[in-house]
Structures are given as C-alpha cells and as structure tokens.
Amino acid sequence: MLEIDGLTKRFGRHLALDAVSFQAQPGEVTAVVGPNGAGKTTLLSILVGVMKASAGRCEFRGMPQSEWSPARVGYLATDPFYYDKLTGIQMVSFERAMRRVDVSDRAVWELLEEFGATSFARRPMAELSQGMAKRIMLTCALMGEPRLVVLDEPLNALD
C-alpha cells in the first residue's frame, strides 16, 4: 500500500502543498487531479524523491520513501530529462544502469515494441519528436516491472 500522510511543501513563503493525505492499494490506479498550479507535479516529485517535503511522510509497503530502491520505482516526469546526443536505446540503457534495474535486453526491446518505439530507438534523442521521446521515456519508467509507477501527465505529446 502507498500511504501519503500530511505532505506539505513550502517554497519560502509560498505554500505549494498543504497537508496532502491519501492511500492507494496494490493494483490500484490513483489519479491526482486539480487545476494548474495546485501542486500535482510537486506532490509527485516528492513521492519519487526528486524533491523533499517540508513536512509529512510517504510510505510504500510500510517503508519510508527515503529507503525505496530506485529500481522498484518507475517515474515519468511531465517534461522528462534526457541526453540529446544519446540514441533512444542508449537512453534506456543509461536509465537502466542509473536505477540498477535488472532487466534483459530482450525485455527492453519488447517494451520498446509495446510502445511502438523500435523503429526510432537507434536515433539520437535530439532527432525525435516530443511524442517519440515520450515513448522512449515511458520504456525507461516501466522497464523491470517496478512496484510503484508514477506518471506525471503521461499522455502529453502522444498521438
């Protein structure tokens, strides 16, 4: 179970998150909905450890967020970072190494195929459209069967 309790984030005097709490059970899909500027991306950034909360806690299966293995958490940011000069498959390999995801090359190619990305996976990321790059980065987020998947606006730029 994912448990978020009282998450608060301040940027100086600006309150970006105000004591957000919720639970998500295994196998559930949970959507975070709100207007622009409501703190959705801030919440998800805290959840995956990109940002620190000012107060509150995140636990997954009883384990605090600070102890989660990067290999077990798949994350796709609203505007994912990638290296322009790397090819799509090199970007996936880089992400696999950084997160220490134990997954075979075959499984990676199967995931690329599932996302319709095999035809451009050997092209540099700088040459890809926003939608193509998103498909590569979705592969990064979902490889290795992560226990927790956090997708921030995953459908942006996808046809």
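Colleague: Does serine 45 count as buried or exposed?
Modeller: Serine 45 has its place in helix H1; helices (H or I, at least four residues) and strands (E, at least two) are DSSP runs, numbered from the N terminus. Buried means under 20% relative accessible area, exposed over 50%, and partly exposed in between (1.4 Å probe, protein chains only). At 7% relative accessibility, serine 45 is therefore classed as buried.

Colleague: What kind of model is this, and how are its residues numbered?
Modeller: This is a predicted model, in which local features need pLDDT of at least 70 and side-chain atom pairs count only at pLDDT 80 or more, while totals for chains, interfaces and linings use all residues. Side-chain values use heavy atoms, with hydrogens and water left out, and residues are numbered along each chain as its sequence is written, from 1.

Colleague: Which residues does serine 45 touch, not counting those up to four places away in sequence?
Modeller: Contact means heavy atoms within 4.5 Å. By that rule, and with the sequence neighbours set aside, serine 45 touches Val50, Met51 and Tyr75.

Colleague: How many of the eight residues of helix H1 are buried?
Modeller: Helix H1 spans residues 40-47 and is mostly covered. Its buried residues are Lys40, Thr42, Leu43, Leu44, Ser45, Ile46 and Leu47. They pack against strands E1 (2-11), E2 (14-24), E3 (55-60), E5 (73-76) and E6 (148-151). Of the eight residues in H1, the number buried is seven.

Colleague: Which residue just after H1 takes a positive phi?
Modeller: The phi in question is about 90°. The residue that takes this positive phi just after H1 is glycine 49.

Colleague: How many disulfides does the structure hold?
Modeller: A disulfide is counted when a pair of cysteine sulfur atoms lies within 2.5 Å. Cysteine 58 is buried at 7% relative accessibility, and cysteine 140 is buried with a relative accessible area of 2%. The number of disulfides in the structure is zero.

Colleague: How are H2 and H4 oriented, roughly parallel or oblique?
Modeller: Axes are lines fitted to C-alpha atoms, for helices over the stretch in contact, and angles run from 0 to 180 degrees between N-to-C directions. Angles under 35 degrees count as roughly parallel, over 145 as roughly antiparallel, 65 to 115 as roughly perpendicular and the rest as oblique. H2 and H4 pack at about 25°, with their axes 9 Å apart. This makes H2, relative to H4, roughly parallel.

Colleague: Which residues of H4 make the contact with H2?
Modeller: From H2, the contact involves Gly88, Met91, Val92, Glu95 and Arg99. Their partners in H4 are Ile136, Met137, Thr139, Cys140 and Ala141.

Colleague: At what angle do H3 and H4 pack?
Modeller: Helix H3 covers residues 105-114 and helix H4 covers residues 130-142, with their axes 9 Å apart. Val108, Leu111 and Leu112 in H3 meet Ile136, Thr139 and Leu142 in H4. The two helices are oblique to each other, and the angle is about 135°.

Colleague: What is the relative accessible area of arginine 96?
Modeller: Arginine 96 lies in helix H2, residues 88-99. Beyond its neighbours within four places in sequence, arginine 96 contacts Val101, Val103, Ser104, Asp105, Val108 and Met143. Arginine 96 is buried, and its relative accessible area is 16%.

Colleague: How far apart are the C-alpha atoms of alanine 107 and glycine 144?
Modeller: Alanine 107 is found in helix H3 and is partly exposed, with a relative accessible area of 27%. Along the chain, alanine 107 and glycine 144 are 37 residues apart. Their C-alpha atoms are separated by 8.1 Å.
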